[in-house]
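Subject: Structure handover

Hello,

Here is the structure I said I would pass on. My notes on it follow below.

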Amino acid sequence: MSASAPVISAKNVWKLFGPSPESYLKSLPAGRSFDEIRADGYIAGVKDVSIEVARGEMLVIMGLSGSGKSTLVRCFSRLHDITGGTIEVDGQDIMSLTERELIELRRNKMGMVFQSFGLLPHRTVLDNVAFPLEMRGQDRYDRRERALEVIKLVGLEGREEYFPRELSGGQQQRVGIARSLAIEPDIWFLDEPFSALDPLIRREMQDEFLRLQEMLGKTIVFITHDFDEALRLADRIAIMRNGAVEQCDTPDQIVMNPATEYVAKFTEDVDKARVVHAKGLAKPVNGHALEGAPINGGSTIHELARVLVNDERILLPVANDKGVVTGVLERDTALNVLLGAE
Amino acid sequence: MATLSTDISDTRDGPWGQTKVLTALLVTAFALILAKAIGILPEWLNRIPEAAIPPTAQVLDAIFNFIQNDLGLIYVTRFIAEGPLEFLLDTSANLLEGKRRWPYLGPIPWSAIAAVAAVVGYAVGGWRLAALGAGTFIWTAAIGQWKIAMQTMSVIVVAAPLAFLLGLVLGIAAWKYGWFERLLKPILSVLQTLPFFTYLLPAVIFFKVGPTAGAVATITFAIPPMILMTTLGLKKVSPEVIEAGQMSGCTRWQMLRHVYVPAARTEVLVGVNQVIMLCLAMVVLTAFIGMPGLGAKLLAMMGSFKLGRSFEIGVTIVLLAVTLDRMSKAWVVKQPVHFERGTPWWKRHQISLVALGLFVGFTLLAQVFPILAEVGRKQHLSQGKEIDVAIKSFLAIDAIKGTTEWLRWFLNVKVLIPFRNTLLAIPTPAFILLVVSFAYWVGGRKPGIYAAIFFTIVAFSGWWDRSVITLYTVISAVALATMIGIPLGVVAARSNRWSKSILLACDTAQTFPSFIYLIPAIMLFGVNDVAVVFSILIFAAVPLIRYTIIGLSNVPPEMTEAADMSGSTRRQKLMSVQFPLALPTMAVGFNQAIMFAFFMVIIAAFIGTQDLGQELQRTLAGTELGKNFVLGLNVSLMALTFDMAISSWAEKRKRALGLD
């Protein structure tokens, strides 16, 4: 398996809810819409989704409630058995796993964080965090040591002996995060982890999460219904509606080129200059004559505002973080984005 | 109510609309009654002729005999009874009351038990429960009832844990396997309405007379709510907690052991509370099969009209009930609290250590001061005779005597007997039709059909007249209870303080073993029909008051506020806002009142009735298992008919009002 092989690869995945989904899916004509399927008495939780998650990537799945995003992530972890298609994790078809193999996979490779935390009410913070370790039979000292380590990582030192109900919402979710990290998973699922928290705490937890991610570099599937949160965190965003993926792309592309009207509705009110990066807007060099100092491709247009206004060049060279010029930015285009006039 | 039930009736009835069916049923019923009145009804339509009644009891007897002797079930049950169960009961009896059996350690001094009860009370609910726990046991010892109370307790401490374990296992199985739950559900609803006498006889036959039979009957009686609570709790575990367990890589067993059962803690503990209370209620009633203990003593005292001693035993039973109930309920709401890191071992287990210390301390002290071990015959503080004299002279006061005697005369001559005679005069088919139309009108089609089936079975059981008398007692008592209970509930619901204290009183009253309710009835009215109705009445009024208050105070405040702002008077608000919204809840109370009445009417056989209960009580003396079963099933079927009709109405209504 090469390093560039996707960690999760889903092909034509279907998840139907109803009386006998398998046989219904077999008889299903192509192109039947969500509403038509519903009229037949079935709910298409996931509708013909193909998506890949690369190693170390953070894929954010965004959608409103009922769009199937939580169902999709539960298919990835096989909390739901899919009705059709294939899902491979590290090249292994997870639907072919036996119960024992599935348990082993979860014990060693996957971690998951839940919207309403899913903490065990009768266990202390320490015992909750150590729970997955206990389940795989690690001895008491080992798991205590590891649990204390992750508790420290999420900043809950000194609360090890508390019970979940003695903690605030934000603290409870830290426990949930610590628990999901205890086994050092390769793949990290987060199902609307911050949606149950109030806005200020949510912001704080997002920062905390970015810090953790920078440190750990895990492959992440993150679910949210909050478009701003998606833009803030994602390497790529998949926007879902009625069980299907409407568009899956980088935040820059989604904001600049929404694929459908539905996606466009989300991007309408977004301040594009704060989302779009110079490299996202840049065009290939293609023999343009470039002069002067390049600008940093990793900066947003908003961050470059002063340069864009004062610089008089028509074309600005764009460099990656190693200083190599990778493209060229038309100053006019960038100014249009900045001023919100497309 | 008519409009209420029609507007939610099933619209798919088609040409057979509800009104049409009802009219047809009622017209037929009244035609039959009329025919009888003018003397043209053939006798076979009035009562089912003897010849047509199948020998159900004999057939059942044959079946039981086959299972018991030919299949050898009796050897299995007798083995259990004489083996492990008797061993457990002997052990607990030795420890608590000093029966001469292994381990030959007992009896434990009463002071040591009272001390431990105080510590347990403190641990679960602070000083008040500590005082309650200690107080109950000190009272029991001081009044000279320690030994009989411990005879009762020794069965409870064995029966309750066993009922808990069996209920938990069956509950888990019912939750895990859908088919098992579907199989279990109807059995459970029959079990819950089956009169307790029906539990007693099979227990005696299969598990021999004495504590073992008592324990078996008690366990069987206490299991159903434990099963239901377990299943309910497991179903309620939040999906995210389950998924968290799965994602942690739990095996199935780990899921059950570490995720499901602990997460269902509250419901499981509520089940424990119910198991304990039912065990107490049942153990007292095992007096009817000659089990020694508080119940037997109470039965004997009431039988010889010793009101003072009956009263004292009643207080002991009530105290025990309240203590057990409060402590187990406090345990339900008690949540774990963390200790700071580095708390020493002895401090973490402080409470257990104190309990152990006190236990050992008092046990040793009791060696030096015998009064701490046992309160002797001459030392106790019982005032039985004095209370007896006081109660009897109070009842002999002219005003009191006049009132009770007038009430007795009025109810008997003007209300109860005419009502009974009317019911008995109705031809059997007409009676069934009337019940069916009631069930259909209230509950809809399904309860109507079941009512028809159930009452036809009752009619063919050969005990029709006795069943009608049972029903008459239940209806009269519940009607009177409604007249008293609902106004009382309405008045109480007006003020927060009142409704709180009345609710508390009701909750407490509900924990009393039903037997207790016979005491005031006999005191006031002596041994007759009125006393029977009166004891059922107070027993059945409790849930009525309780649910009236709950229903009225759970009406959403924005609705009463809307009524206030529309300028409605108190009366208008009550009639057009609060009552309609509270009715489904009140119906639950009404339903419970009927179930309680069916339960109590059987116990009232002790006072002397002519209904199914009396016959049931007679079967206890013999081995007529078949007859016992038929009688019990009759009670159960009648109770189930009402239960289905009323709960189906309450559910539909709740859904229609969006109150779920």
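A:I37 counts as buried because it has 20 C-beta neighbours inside 10 Å; the label buried needs 20 or more other C-beta atoms within 10 Å of a residue's own, with C-beta atoms placed from the backbone. This is a predicted model, in which local features need pLDDT of at least 70 and side-chain atom pairs count only at pLDDT 80 or more, while totals for chains, interfaces and linings use all residues. Residues are numbered from 1 along each chain as its sequence is written, and chains are lettered from A in the order in which they are written.

A:I37 sits in helix 2 (residues 34–39) of chain A; helices are DSSP runs of H or I, at least four residues, numbered from the N terminus. Leaving aside neighbours within four places in sequence, A:I37 is in contact with A:R32, A:Y42 and A:A44, contact being C-beta atoms, placed from the backbone, within 7 Å. Its C-alpha atom is separated by 9.7 Å from that of A:Y24, 13 residues apart along the chain.

Chain A is assigned domain 1 (55–83 + 96–270) and domain 2 (273–339), with bounds from an automatic or database domain assignment. Their contact takes eight residues from domain 1 of chain A and four residues from domain 2 of chain A. On the domain 1 side, helix 10 (residues 251–256) of chain A gives the most, with five residues.

Between the chains, the contact takes 25 residues from chain A and 22 residues from chain B. Helix 11 of chain B gives the most to the chain B side, with six residues.

Regards

Conventions. Two residues are in contact if their C-beta atoms, placed from the backbone, lie within 7 Å. Helices (H or I, at least four residues) and strands (E, at least two) are DSSP runs, numbered from the N terminus. A residue is buried if 20 or more other C-beta atoms lie within 10 Å of its own, exposed if 12 or fewer, and partly exposed in between; C-beta atoms are placed from the backbone.
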